[in-house]
Amino acid sequence: EKAGYDHFMLKEIHEQPESLRRAISGRLSNGNSQVILDELNLAADEINNYERIYIVACGTAYHSGLVAKYLIEDLVRIPVEVDIASEFRYRNPLVNDKTLVIVVSQSGETADTLAALREAQDRGAKVIAISNVVGSTIPREADEVIYIHAGPEIAVASTKAYINMLIVFYLLTIYLAQLKETISEEEIKRLIKALKQLPNQVAQIIKDSESEIKRFASDYAEYENAFFIGRSLDYAVALEGALKLKEISYIHAESYAAGELKHGTLALIEEGVPVIALATQNSVVDKMLSNIKEVQAREASVTGIVLSDEDEVFKSLDHTIEIPTTEELLTSILTVVPLQLLAYHVAVERGCDVDQPRNLAKSVTVE
Ligand code: M6R
């Protein structure tokens with residue numbers, strides 16, 4: 001059932017182009033000029049009533065929400081709060097009938113996320129669930145559901161579900177922007193065109209980078225600490241990359257917004273410390289270049305995830321992985337792929353139980 005792969009996680013990483021295609025399928029108009037989410041019952045005047053959106057989830061699903069915040073705020077211009085379900089539920093959150101709450105859960109059974117959903121509904125909010133498992137508790141109790149159609153995810157470490165949560169958030173963002181008319185028809189067409197290329201681009205990254213990542217994974221297997229840095233959307237993805245590495249390879253990994261390094265973390269950077277620098281956001285790439293120089297000056301070992309390694313600074317890195325160019329807002333789906341592969345191959349090098357990491361369960365139905 002692993003279809004020839006050594007682990008479910010690797011199989012699921014390789015399934016990502018197909019699972020993205022499934023999530024997009026049937027959700028674009030003929031002519032690719034509109035996003036269609038027939039499952040949603042949201043009228044334009046209802047959307048205009050919302051003063052704030054809350055995205056609530058745990059773990060990797062929470063990380064998908066951090067990406068969504070950038071997208072929705074940028075294109076729909078509604079303030080978005082992203083909260084960890086176990087914090088939200090005990091926090092007297094500012095939620096009422098002018099708040100749209102989106103809960104995200106692959107399994108649809110996570111106890112804290114379910115409790116957050118009920119808390120939000122009790123306070124009068126409408127709740128949309130984004131989930132993978134049809135008929136699970138969270139989609140059943142939510143007011144509206146969007147399924148991510150990733151197919152069964154067996155490995156405890158989430159990969160294809162994360163990517164499909166992102167694509168669903170891209171679709172939902174464009175859909176909300178259509179309703180609120182916050183972006184032009186031209187812009188919608190441009191985004192949809194780029195979105196349709198993502199499955200092939202993910203396949204291309206796997207093909208182009210996996211053998212190289214596998215090769216340098218043996219260096220990483222020796223480390224006990226690693227730092228992930230990025231700005232803007234890359235910071236959100238860096239958090240997911242660090243979680244993946246921790247979860248399956250047991251290497252302590254931290255993610256920082258690169259501009260925060262100077263405010264404390266830089267003290268930990270010394271010779272040989274591994275830093276994975278995500279630099280795929282053109283709007284802040286110059287800032288990232290100076291952050292990379294900062295850690296290089298302390299002799300860190302730097303792996304860059306970049307759009308093109310043409311810049312001299314990128315050429316000087318210990319390893320670079322190039323990802324194909326897409327719309328800046330859509331890069332996260334591509335950026336995460338090398339991080340998933342890195343975590344996987346490092347864990348294998350370290351002899352870890354990749355699909356069943358210690359102390360963890362696939363579905364966390366108790367708090
Ligand atoms: O099923 P859910 O999406 O609600 O699960 C949430 C987290 O438990 C889950 O994403 C966890 O963080 C993953 N094991 C990370 O790979």
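The shell around the ligand divides into four nonpolar, seven polar and two charged residues; Ala, Val, Leu, Ile, Met, Phe, Trp, Tyr, Cys and Pro count as nonpolar, Asp, Glu, Lys and Arg as charged, and the others, Gly among them, as polar. The model is predicted: local features need pLDDT of at least 70 and side-chain atom pairs pLDDT 80 or more, while totals for chains, interfaces and linings use all residues. Residues are numbered from 1 along each chain as its sequence is written, and side-chain values use heavy atoms, without hydrogens or water.

In total, 13 residues surround the ligand, a residue being near if one of its heavy atoms lies within 4 Å. The closest are Ser105, Gln106, Ser107, Thr110 and Glu247. Helices α4 (59–75) and α10 (233–249) each supply at least two shell residues, and α4 gives the most, with three.

For Thr60, a backbone N or O atom lies 3.1 Å from a ligand oxygen atom. The protein covers 91% of the 410 Å² of accessible area that the ligand has on its own (Shrake-Rupley method, 1.4 Å probe).

Three aromatic pairs are found in the whole structure (ring centres of Phe, Tyr or Trp, the last by its six-membered ring, within 6.5 Å). The rings of Tyr54 and Phe88 have centres 5.3 Å apart and planes at 70 degrees, so this pair is edge-to-face (planes over 60 degrees apart). Tyr54 in strand β1 (residues 52–57) and Phe88 in helix α5 (residues 85–88) are 34 residues apart, and the pair thus links distant parts of the chain. Helices (H or I, at least four residues) and strands (E, at least two) are DSSP runs, numbered from the N terminus.

Note on methods: Polar contact = N/O pair within 3.5 Å; in protein donor to acceptor, adjacent residues only side chain to side chain. Phe/Tyr/Trp six-rings, centres within 6.5 Å; stacked < 30°, edge-to-face > 60°.
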